[in-house]
Amino acid sequence: MTEKLYYKDAYIKEFSASVISVEERDGGFDVILDRTAFFPEEGGQSSDRGYIDDIFVSHVYEEGGVVHHITDKAPLGKSVTSRLLFDERLEKMQLHTAEHILCGIIHTLFGFDNVGFHLGDDEVTFDVNGVMTREMLDRVEALANEAVFANIEVTAYFPEKEELNSTEYRAKLDLAEGVRLVRIGDVDTCACCAPHVARTGEIGLIKVLDFMKHRGGTRMWLVAGRRALADYREKYENILKISALLSAPQKETAITLEKYIKDTEEIKHALKSARLSLAENMASAVTERVGNAVFVFDGFSIEELRAFSNIARDKIGGILVALSGEEGNYRYVISSNEEISVKIKEINTALSGKGGGRGNMAQGSFSATLVQIKTYFE
Ligand SMILES: [Zn+2]
């Protein structure tokens, strides 16, 4: 069994230890020390990283009470000095303790249990077995931050059996022995073996970023401390850009954007009716003629091609072809005073087209050049 220094003191950044064994594994090495402050991957939390002498420790795991350190080289001596990447560790302690506070408050207020936790390099999620609403979360988040401002002491201890039996605490597993309790004042008591901050003030801001229904309960995304600052900075950069683009004060960007979207919808609507009028006016200007006729428009939609065709059709003796698009890829509306739908298959075959219609109008697209189309019809 490895002596676990992180149980005694979560703030050990550097420690000396003796090498028990070194084994080659998957191109690297698996190092066992007699004692360690490296917290292994456990309960959804990624492991600590750091150095044994000057050899990088990329991953740490525990198996049957023994902590294994994965390194890229083998340590040379029997006695080694190790150090953690403590910035990473502190960040995890902030996030992990924040999760205790949130889950403790949710449990107290709503009786939901924590049923999942993931603390990775990019995101932190936790799950409860009840449905949370935005209002519920706002309340929980406010209380969680009050617990931070109160700078409550966080204590971790292995209670005697009697004390454990008479203590109310949250636990994912029903453990009878070796239960380590983590108490955050009156806010929460939970069985946990991970490192936590010593006082809640060290957590900094706690913010629930998002939530969604998950397996009948709720999954929540959390930031705290240093990650909350990084998140705030990223969003601040974003709001600065949006504010400049909209020429609006930061706090009025949403309302300004709403107005902007509404204006855009009105412009789209006005543009659409103007284009339909244009199509109809162009149709009115068509002179009567015998035989087929091909008309090409710039940027007309199918709807506009149809509006044109509805009026122009009566002036064309044969088939009226209205096109829009680009060389090799034209939208078409084909119409005639006679039944066109029977001919459309033959037309599509000749001009690599697809589409169809009913009665005297058909619509679709041609993968053909304008010359090919004109040659076919005229
Ligand atoms: Zn914990």
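1. Strands β12 and β13 run antiparallel and are joined by four bridges. Strands here are DSSP E runs of at least two residues, helices are H or I runs of at least four, and both are numbered from the N terminus. Two strands pair if DSSP finds at least two bridges between them. One position in this part of the sheet has Leu181 opposite Ala191 of β13.

2. The model is predicted: local features need pLDDT of at least 70, side-chain atom pairs count only at pLDDT 80 or more, and totals for chains, interfaces and linings use all residues. Residues are numbered from 1 along each chain as its sequence is written, and side-chain values use heavy atoms, with hydrogens and water left out.

3. The open sheet has three strands, ordered β11-β12-β13, with antiparallel pairing. Its edge strands, β11 (154-157) and β13, each pair on one side only. On average, neighbouring strands of the sheet are turned by 15° against each other, direction ignored. Helix α2 packs on this sheet and touches β11, β12 and β13, its direction making about 75° with that of β12. Contact means heavy atoms within 4.5 Å. Axes are lines fitted to C-alpha atoms, for helices over the stretch in contact, and angles run from 0 to 180 degrees between N-to-C directions.

4. Which residues coordinate the zinc ion? The donors are His96 (NE2), His100 (NE2), Cys192 (SG) and His196 (NE2), at 1.9 to 2.1 Å. A donor is an N, O or S atom within 2.8 Å of the metal (3.2 Å for Na, K and Ca); water is not among the atoms, so sites may look incomplete. The arrangement is tetrahedral because the four donor atoms subtend angles of 97 to 124°; four donors count as tetrahedral if all angles lie between 85 and 135 degrees.

5. The sequence spacing of the zinc donor residues is H-x3-H-x91-C-x3-H. Helix α2 (residues 86-110) holds both His96 and His100, four residues apart, about one turn of the helix. Both His96 and His100 are buried, that is, under 20% relative accessible area, where exposed is over 50% and partly exposed lies in between (1.4 Å probe, protein chains only).

6. The whole structure contains 19 salt bridges, each a side-chain nitrogen of Lys or Arg within 4 Å of a carboxyl oxygen of Asp or Glu. One of these joins Arg25 to Asp30, with the closest N and O atoms 3.2 Å apart. Arg25 is partly exposed at 37% relative accessible area, whereas Asp30 is buried at 3%.

7. Arg170 and Asp188 meet in a salt bridge at 2.7 Å, N to O. Arg170 sits in the loop between α4 (161-165) and β12 (181-184) and Asp188 in strand β13 (residues 188-191), so the pair links distant parts of the chain, 18 residues apart. Arg170 is buried at 11% relative accessible area, and Asp188 is buried at 5%.

8. A salt bridge between Arg226 and Glu91 has its closest N and O atoms 4.0 Å apart. Arg226 lies in helix α5 (residues 225-246) and Glu91 in helix α2, so the pair ties together parts 135 residues apart in sequence. Arg226 is partly exposed at 35% relative accessibility, while Glu91 is buried at 18%.

Note on methods: Tetrahedral: all angles 85-135°; square planar, octahedral: opposite > 155°, others 65-115°.
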